[in-house]
Amino acid sequence: MNSNDFRMPARRLAALATVTALTAAPAVLGAGAAHATGARVTGAHATGAHGRASAVVLRTGLDVALLDHTVHLPLALALNEVRAPRSADRTALSARLDGVNGGRPFTVLGADVARAEATATARRAEGSVRVAHARLHVPGLPLLSVIEADAVTARATCEAGKAPTASADVLGAVTVLGRRVTLTAGGPVQVKVPGVGEVRLDLAERRTTTRTAAATALRLKVSVNPLKLNVADVEGTVTLAEATCESPAAPPARHPVPPHDPAADVRPQGAEAGLAETGGSPATPYIAGGALALLLAGGGAVALTRRRKN
């Protein structure tokens, strides 16, 4: 009876000790591997914001006075004004003002080519303008151009991490109120025509900061009153070919990830090699406990067997 009472618990104890020894160590080893893998994760990289850019072929801010200044009509127009990312290409701009040209539309700007482009990405922003054979008119001077220019260009470039740049050029012949003029970088050009009016030209303005740039090919200050008749007295400013940009925000510096050597994860086989390399393993207590349980269970089974025989 005593033998029967102890035989089943001894077998169960031996089986339980075996299962514990075989499952405990792999579970601990698996947890250690997961922790090591997580330690190599460096996190996501955030990209910088896009830059900004704009371009315009023509912008006017004119006041048109009619009938001895009893009527004032603003002439505020823009041709091919675009903001990134866009482009525009149009060769004529017309306007209509009551009391001017019999109420019919009149041409403010005509050109063979009038193109404005603006682009912006996370690395670069740029605005550019190109005008060829431009002819600018204002009310009261239907047959005489305020200015004619063969080629006008402006460009502003802003790139992340670099100094912004701006450039503007007026190339070829330039005629103001029917007179051929020579433009210089030394200062503005003033053109006066008796009985017609006067125009002041500021040539090729360029401005840059640490993150922005702006370029204007021509800026005109216009004052026109043909024959002092006060029929169409025009005053104001005209901008021809202007480009601007703002640099994108510089992306944060990336932290280098240490190179991973697969050979570093290889461990020598056998408990002695593991102990020699690291001085111990997290699974060592579980392996030792499992071995001790197996030893005790085996010893108990042998003792019971001998008692039964006796």
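Student: Is Ala204 buried or exposed?

Tutor: Please keep in mind that this is a predicted model. To answer such a question, one compares the relative accessible area of a residue with a cut-off: buried means under 20%. Ala204 has a relative accessible area of 18%, so Ala204 is buried.

Student: Where is Ala204 placed, and what is its phi?

Tutor: Ala204 belongs to strand S14, which covers residues 197-208. Its phi is positive, about 45°, although Ala204 is not a glycine. Ala241 is another case: this residue is not a glycine either, and it has a positive phi of about 70°. Ala241 is found in strand S16, and its relative accessible area is 0%, so Ala241 is buried.

Student: How many helices and strands does the chain have, and what share of its residues is buried?

Tutor: The chain contains three helices and 16 strands. It has 310 residues, of which 34% count as buried.

Student: Which strands pair with S16, and in what sense?

Tutor: For strand pairing, one looks at the bridges and at the direction in which the strands run. Strand S1 (residues 52-66) is joined to S16 by 14 bridges, and the two run antiparallel. Within this pairing, Arg59 has Thr239 in S16 as its bridge partner. Strand S15 (residues 212-224) also pairs with S16 in the antiparallel sense, over 12 bridges. Here the bridge partner of Ala214 is Thr244 in S16.

Student: How many residues of S16 are buried?

Tutor: S16 is mostly covered, for 11 of its 15 residues are buried. Glu242 lies in this strand; its relative accessible area is 13%, so Glu242 is buried as well.

Student: What does the side chain of Glu242 meet?

Tutor: The side chains of Glu242 and Arg59 are joined by a polar contact of 2.7 Å. If residues up to four places away in sequence are left out, the residues that Glu242 touches include Ser54, Val56, Arg59, Val129, Ala154 and Arg219.

Student: How many disulfides does the structure hold, and which residues form a disulfide?

Tutor: A disulfide is a covalent bond between the sulfur atoms of two cysteines. The structure holds one disulfide. It is formed by Cys158 and Cys245, whose sulfur atoms are 2.0 Å apart. Cys158 lies in strand S10 (residues 147-159) and Cys245 in strand S16 (residues 232-246), so the pair ties together parts that are 87 residues apart in sequence. Both Cys158 and Cys245 are buried.

Student: Why is the disulfide of Cys158 and Cys245 called right-handed?

Tutor: The handedness is read from the torsion about the S-S bond. For Cys158 and Cys245 this torsion is about 65°, so the disulfide is right-handed.

Student: Which form does the peptide bond from Ala84 to Pro85 take?

Tutor: The angle to read here is omega. The bond from Ala84 to Pro85 has an omega near -10° and is cis. Pro85 is placed in the loop between strand S4 (82-83) and strand S5 (86-89).

Note on methods. Residues numbered from 1 in each chain as written. Predicted model: local features only at pLDDT ≥ 70, side-chain atom pairs only at ≥ 80, totals over all residues. Heavy atoms only, no water. Helix = DSSP H or I, 4+ residues; strand = E, 2+ residues; numbered from the N terminus. Buried < 20%, exposed > 50% of the residue type's maximum accessible area, 1.4 Å probe, protein only. Disulfide = S-S within 2.5 Å. Pairing = 2+ DSSP bridges. Polar contact = N/O pair within 3.5 Å; in protein donor to acceptor, adjacent residues only side chain to side chain. Contact = heavy atoms within 4.5 Å.
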